[in-house]
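Here's a quick briefing to read with the model open beside you. Take it topic by topic and find each residue as you go.

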Amino acid sequence: MEFVKQYWAPLVCGLAIVAVLPLIVGYVVLVERKIMADMQARLGPMRVGPHGLLQPIADAVKLLIKEDIIPDDADKLVFWLAPVLSVGAALLAIAGLAIGPAFQVAKDVNIGILFVVGVSAMGIFGIVLGGWASNSHYSLIGALRSSAQLVSYETAAGMALVCGLLFAGTLNITSIVEAQRNQGIWFGLLAPVAFFTYLVASIAETNRAPFDLPEAESELVAGYMTEFSGFRWSLYFLAEYTNMIVVASVATTLFLGGWLRPFSETRWLDFIDFLPPLLMAAIGVYCLRRTPKQPARVQQLFMLVVAGLCFALAVVLGAPVLVPMAKPSLAAAVKPFYLGIHGGFWFILKVSAYIYFFMWLRFTLPRYRFDQLMRLGWHFLIPLSIINVVLIGIAMIVGMYYHLNGWLLLLATIPASVIALIIALFILALEQKGQPQKAPGTAPDSYA
């Protein structure tokens, strides 16, 4: 009981992550299917529930009751544990993140970013063990591809994170966000090349298109998941989408200001605080306008419910801003609520934009060949990330010498970023020059 009394808040947060996150992942999948349908000029899931919004529930029920098949020659214990290891590592990494200043399971962890990156990287063991335990050539090749891909891009991602950590001077997640508040600028603006490098590397680490080679269904049936079925198969997808949330949260924390609103320390821009409630209210008005156009009664009722929820969120987001204006004496009492509610809003908004970019790329770019994937990582991203760390270090030394802080530090980091981009173009030119030229009439590599 003493343990429960002392750690009840982290326990509640942990239970919320385990219980709520799979539901969130299900609706992230639905959003992805809707976005894909919109880009392809179709509707997507529409049958199960109003506008297909109960489709994730139906999918979960189907996967739970579907027959669980284990190949005869598989290593049954490892086959059973592999997906659990992947999803366990992904969920454990969430514990080190801070979704606003008021929600963090593992609070005041001095090695916060290192903990998140290290634990999330353990998920690769679930993929490798699953491919090996399946006793299938397709699964084994997919597992080996995934391990090679992670090793290739983990280095570039780590070097990109180092650039942000140089500015923050700490591994503590809360301190990283506070450093961006104190300096008045997001680290993504100070190190855009590092942010770009981490963006590309995070896509490869989560096996997302166009770098989804471990699951290349056109080559390997379904990659390392070929022999998995039912709920065990869904655990791999849960791990993949949870890892998307993890890498998006790390990028948001380190490069996009975490839970800070844009220009958080600029007082004459405090009107940005009204943007969250106005956005929710605008969505509510849009739902009300769309209600009469719905073909079924249940869809009209659903749109009214969504509009009501949006207006309720608008009130919740607007109260911490309006109450201090009406009664300045309550400003100190309301400030923690403002930081928690608005901080969570901005953090979730940034993470959602990052994940939307993942989806956008999936439906826009064709899949890379495996040799192209390895060449991009080893011949381009890793040299670029190492050079960028050196240049950022030099820029920081120059900034300290001339006492440059905040936005003035751009005077040192912008030349460093420009030099890094010039070196990147030079590397690309050398890479294209070194590639063998195809003879006329030879089939392209994709058909070879």
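Asp-371 and Arg-375 join their side chains in a salt bridge, 3.7 Å from N to O. A salt bridge here means a side-chain nitrogen of Lys or Arg within 4 Å of a carboxyl oxygen of Asp or Glu. Keep in mind that this is a predicted model, where local features need pLDDT of at least 70 and side-chain atom pairs count only at pLDDT 80 or more, while totals for chains, interfaces and linings use all residues. Residues are numbered from 1 along each chain as its sequence is written, and side-chain values use heavy atoms, leaving out hydrogens and water.

**Salt bridges**

- Asp-371 and Arg-375 both sit in helix α16 (residues 370-401), 4 residues apart, which is about one turn of the helix. Helices are DSSP runs (H or I, at least four residues), numbered from the N terminus.
- Asp-371 counts as partly exposed because its relative accessibility is 35%, and Arg-375 counts as partly exposed at 26%. For these labels, buried means under 20% relative accessible area, exposed means over 50%, and partly exposed is in between (1.4 Å probe, protein chains only).
- Salt bridges with shared partners join Glu-32, Arg-208, Glu-240 and Arg-362 into one network.
- How many salt bridges does the structure hold? There are 13 salt bridges.
- Side chains of opposite charge can pair up when their charged atoms come close.
- Arg-208 and Glu-32 make a salt bridge with their closest N and O atoms 2.5 Å apart. Arg-208 is in the loop between α10 (192-205) and α11 (217-220), and Glu-32 is in helix α2 (residues 8-39), so this pair ties together parts 176 residues apart in sequence.
- Are Arg-208 and Glu-32 buried or exposed? Arg-208 and Glu-32 are both buried.
- Asp-273 and Arg-261 meet in a salt bridge too, at 3.0 Å from N to O. Asp-273 and Arg-261 each lie in the loop between α12 (230-255) and α13 (275-290), so the pair ties together parts 12 residues apart in sequence.
- Asp-273 counts as buried because its relative accessibility is 8%, and Arg-261 counts as buried at 4%.

**Aromatic pairs**

- Searching the whole structure turns up 13 aromatic pairs. Rings of Phe, Tyr and Trp (its six-membered ring) pair if their centres lie within 6.5 Å; planes under 30 degrees apart are stacked, over 60 edge-to-face, and the rest tilted.
- Phe-79 and Phe-228 are a stacked pair, with 4.1 Å centre to centre and 0° between the planes. Phe-79 is in helix α4 (residues 76-94) and Phe-228 in the loop between α11 and α12, so the pair ties together parts 149 residues apart in sequence.
- Phe-79 and Phe-228 are both buried.
- Phe-211 and Tyr-368 have ring centres 5.1 Å apart and planes at 85°, so this pair is edge-to-face. The pair links distant parts of the chain, 157 residues apart: Phe-211 is in the loop between α10 and α11, and Tyr-368 is in the loop between α15 (331-362) and α16.
- Phe-211 is buried, with a relative accessible area of 5%, whereas Tyr-368 is partly exposed at 30%.
- Phe-79, Phe-228 and Tyr-236 form one aromatic cluster.

**Out on the surface**

- Which helix gives the most to the nonpolar patch? Helix α3 (residues 55-65) does, with 4 residues.
- Leu-64 is found in helix α3 and counts as exposed because its relative accessibility is 56%.
- Pro-292 is in the loop between α13 and α14, and is exposed, with a relative accessible area of 62%.
- Pro-292 and Leu-304 are 12 residues apart in sequence, and their C-alpha atoms are 10.0 Å apart in space.

**What to look for again**

Key
Helix = DSSP H or I, 4+ residues; strand = E, 2+ residues; numbered from the N terminus.
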